[in-house]
Amino acid sequence: STAILRIHGEITGGSEPPVMAAYAEAGDARSIVLDFSQLEYMNSGGIGLLVTVLVRTQRAGQKLLAVGLTEHYRQILALTRLDEAITICEDETAALAAASA
């Protein structure tokens, strides 16, 4: 199964409670898709939170995928090398296909 977590507004260090609650709701899904299409702003605290989610998914043996990233945030994931651990897909359909592969 695949869970889709839709990110809205800002992601900062203070976003940890709602993000982790959404991650917990995903339960034992084989894959987690982070939908950033409604992301307005993410700072270094948000990147740190993304790393936390990545570590938890890896420990749980889950795949982590992302969709809806602007070119700016794709570049940030590339600079931080997070794009090597998070599968970035063009859209939700592609992410669901990659999740089940």
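## Ground rules

In this predicted model, local features need pLDDT of at least 70 and side-chain atom pairs count only at pLDDT 80 or more, while totals for chains, interfaces and linings use all residues. Residues are numbered from 1 along each chain as its sequence is written, and side-chain values use heavy atoms, with hydrogens and water left out.

Helices (DSSP runs of H or I, at least four residues) and strands (E, at least two) are numbered from the N terminus.

Which residues of helix 2 are buried? They are Gly46, Ile47, Leu49, Leu50, Val53, Leu54 and Thr57. Because they cover an arc of only 160 degrees around the axis, they sit on the same side of helix 2 (the arc uses directions from the helix axis to the C-beta atoms). On the other side, Ser44 and Arg59 are exposed. Here buried means under 20% relative accessible area, exposed over 50%, and partly exposed in between, with a 1.4 Å probe and protein chains only.

## After the helix

Just after helix 2, Gly61 has a positive phi of about 70 degrees.

## Strand 1 at the pocket

Which element gives the largest share of the lining of the largest pocket? Strand 1 does, with seven residues.
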